[in-house]
Amino acid sequence: MGNLTNIDSLSTRQLGRRRQQLRRQRRLKLVQLLWQTIALGTLTGGLFWLINQPFWLIRQPEQIKVEGNQLLSDQAVRSLLPLSYPQSLWKIQPQVLASSLESRGQIASASVTRELFPPSLTVNIRERQPVAIAHPAATPSPVEANNAIGWLDATGDWMPLENYTELEKSQKLPTLKVIGNFNQYHSYWPSVYQAISHSPVKISQINWEDPNNLILETEIGTVHLGAYTSKFPEQLRVIDRMRNIPEQVDRTQMMYFDLKNPNQPLLQMQSESTDKSRLSEDESTSN
């Protein structure tokens, strides 16, 4: 009986000590949680204070470094950014700025990164390379979006004439001229330019005012091609083979070459009969 009493007394003391340990652990966790909350609040407040210091302000466009530009000036690129000054470095959204630049016709791709020391932005761009100057048709289409002179790149993207001051200073302006309603030839332009860029024939002008008769101004004279078709590269090859023909005829009497059918090239001469003369096989293939 005595042993049972001792066991009960021991169990009660153990349970009491266990409860005390649990209470101490709960108090310790509560203190730790309180200190963590205070530390987090202090850190958050410190960061908020730090990022709002004048040191982190973009005060002027010169704090924006521009990389990758060859045609557009640094100033032109900076002017395209939707920024007002001063602007907190931490409130600037680089992706929004990059997307804004890419929405401009002159820039194919862009990235914007923050620089902490010193506070600044770095803008890296890839420009669209103008390959031709686009002129609207003499009679613009009422639904034509681009009834102004602009630049074309190799993919057919139209770009406004302004902002290429560096290109103008370098005198490296594209010499190829395209005339016509942009919407009529936009979808064809990439394949047209690819064929032209790989052809030995020097072409100074493409007149697309009449979609049923594409007219080229070339080193051998004016060439009428008819409507644009997949035969265009073949027509360019025929022009290349005819480059010696102007030396064999009175050039002052030449009006234009007719290559609507590249298998039967014709030369329109200024004559009393104004007949088209069919070029012989020897003439059209001589070099």
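A residue counts as buried under 20% relative accessible area, as exposed over 50%, and as partly exposed in between. Aspartate 240, at 23% relative accessibility, is therefore partly exposed. The model discussed here is predicted.

**Salt bridges**
- The structure contains 6 salt bridges.
- Aspartate 240 pairs with arginine 243, with closest N and O atoms 2.6 Å apart; arginine 243 is partly exposed as well, at 26% relative accessible area.
- Between glutamate 67 and lysine 65, the closest N and O atoms of the salt bridge lie 3.3 Å apart. Glutamate 67 has a relative accessible area of 28% and is partly exposed, and lysine 65 is partly exposed at 49%.
- In the salt bridge of lysine 260 with aspartate 258, the closest N and O atoms are 3.6 Å apart. Lysine 260 is partly exposed at 42% relative accessibility, whereas aspartate 258 is buried at 6%.

**Largest pocket**
- The volume of the largest pocket is about 170 Å³.
- Two elements each give two or more residues to its lining, namely α6 (189–197) and β10 (203–207); α6 provides the largest share, 3 residues.
- The lining of the largest pocket comprises 6 nonpolar, 4 polar and 1 charged residues; among them are Val131, Thr175, Tyr193 and Lys202.

**Nonpolar surface patch**
- Val31, Leu34, Trp35 and Ile38 make a nonpolar surface patch of about 420 Å².
- Tryptophan 35 belongs to helix α1 (residues 2–51) and is exposed, with 58% relative accessibility.

Note on methods: Residues numbered from 1 in each chain as written. Predicted model: local features only at pLDDT ≥ 70, side-chain atom pairs only at ≥ 80, totals over all residues. Heavy atoms only, no water. Patch = residues over 30% accessible without salt bridge, like charges linked within 9 Å, V, L, I, M, F, W, Y side chains within 5 Å. Areas by Shrake-Rupley, 256 points an atom, 1.4 Å probe, with all protein chains shown as cover. Salt bridge = Lys/Arg side-chain N within 4 Å of Asp/Glu carboxyl O. Helix = DSSP H or I, 4+ residues; strand = E, 2+ residues; numbered from the N terminus. Buried < 20%, exposed > 50% of the residue type's maximum accessible area, 1.4 Å probe, protein only. 1 Å grid on protein atoms, 1.4 Å probe; cavity = no way out; pocket = protein on both sides within 12 Å on 5 of 7 lines; lining within 4 Å. Points joined across faces, edges and corners; volume = space filled by probe spheres on them. Nonpolar A, V, L, I, M, F, W, Y, C, P; charged D, E, K, R; others polar.
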